[in-house]
Amino acid sequence: MTSILPGDHKAAMQRALEQAKKSPPKPTNFCVGAIIVRLSDNTIIAEGYTLELPGNTHAEECCLLKLAQQYGVSEEDLPGVIDGPHALYTTVEPCYKRLSGKLPCVQRVLRQNSWISTVYVGVQEPEKFVGQNTGISTIKAAGIDVHHVTGLEEDILKVATAGHTTS
């Protein structure tokens, strides 16, 4: 497994951005990348990107689904097999609403609040699809620390909006 240097949040976000670049560009979604880091040893335990797995999947969702598969449990049961503080790095703010009707990423993160203690975000979600995203405030209200990682916003937005048409 790959590790990151302690406190090097920009490098971790750059790693998430590399995941986002794997996402197939479409006009109907953002290309997002995410990683989950175990804070006790700074090891990346999961990586994911938008549409990596079947079923209109989001990056955070892919990380959690892959972890669930690795541990042989459902996504909902991950708190029973993962402990200790972990951080989620996501290039774009976790969604609070899904037009597809699937569980929003904010709710997925909140289900894991026994072990995801911190969320690092590259940019707030643009208001293109669902209007103003309340993801950051909802996560903060649940007691999970949220931090903005600066310095990659332009690159993140360029990747996130690949495939979108401008009007």
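This is a predicted model: local features need pLDDT of at least 70, side-chain atom pairs count only at pLDDT 80 or more; totals for chains, interfaces and linings use all residues.

Reader: OK, H2 then. How many residues does it have, and how far does it reach?

Author: Helix H2 covers residues 59-71, so to speak 13 residues, and reaches 19 Å from first C-alpha to last. That is close to the 18 Å expected, where the expected span is 1.5 Å times one less than the number of residues.

Reader: What follows H2?

Author: Glycine 72, with a positive phi near 70 degrees.

Reader: And which residues of H2 are buried?

Author: Ala59, Glu60, Glu61, Cys62, Cys63, Leu64, Leu67 and Ala68. Buried means under 20% relative accessible area, exposed over 50%, partly exposed in between (1.4 Å probe, protein chains only).

Reader: What covers them?

Author: The cover includes strands S1 (33-38), S2 (43-49), S3 (86-92) and S4 (116-123), along with helix H3 (105-111).

Reader: Zooming out, what's the order of elements?

Author: There are five helices and five strands, running α-β-β-α-β-α-β-α-β-α from the N terminus on. The radius of gyration is 15 Å, close to the 15 Å that the globule rule gives for 167 residues, so the protein is as compact as a globular protein of that length. That radius is taken over C-alpha atoms, and the rule is 2.2 Å times the number of residues to the power 0.38.

Reader: What share of the residues is buried?

Author: Buried residues make up 47% of the 167. On contacts (heavy atoms within 4.5 Å), among those between residues at least 6 apart in sequence, 72% join residues at least 24 apart.

Reader: Switching to aromatics, how many pairs?

Author: One aromatic pair. The rule is that rings of Phe, Tyr and Trp (its six-membered ring) pair if their centres lie within 6.5 Å; planes under 30 degrees apart count as stacked, over 60 as edge-to-face and the rest as tilted.

Reader: Why is the pair of tyrosine 89 and tyrosine 120 called stacked?

Author: Their ring centres are 4.5 Å apart and their planes are at 10 degrees, so the pair is stacked. Tyrosine 89 lies in strand S3 and tyrosine 120 in strand S4, so the pair ties together parts 31 residues apart in sequence. Both tyrosines are buried.

Reader: Which members of the largest nonpolar core touch the most other members?

Author: Of its 45 residues, Met13, Ile36, Leu67, Tyr89, Trp115 and Val119 do. A nonpolar core here is a set of buried Ala, Val, Leu, Ile, Met, Phe, Trp, Tyr and Cys residues joined through side-chain atoms within 4.5 Å.

Reader: Where is methionine 13, and what does it touch?

Author: Methionine 13 is in helix H1 (residues 9-20), buried at a relative accessible area of 0%. Leaving out residues up to four places away in sequence, methionine 13 touches Tyr89, Thr90, Thr91, Tyr120, Val121, Gly122, Val149, Leu152 and Ile156. The C-alpha atoms of methionine 13 and threonine 90 are separated by 7.1 Å, though these residues are 77 apart along the chain.

Reader: Last one: isoleucine 116, buried or exposed?

Author: Isoleucine 116 counts as buried, at 1% relative accessibility, and its place is in strand S4. Its contacts, not counting residues up to four places away in sequence, are Leu64, His86, Leu88, Val109 and Ile144.

Key. Residues are numbered from 1 along each chain as its sequence is written. Side-chain values use heavy atoms; hydrogens and water are left out. Helices (H or I, at least four residues) and strands (E, at least two) are DSSP runs, numbered from the N terminus.
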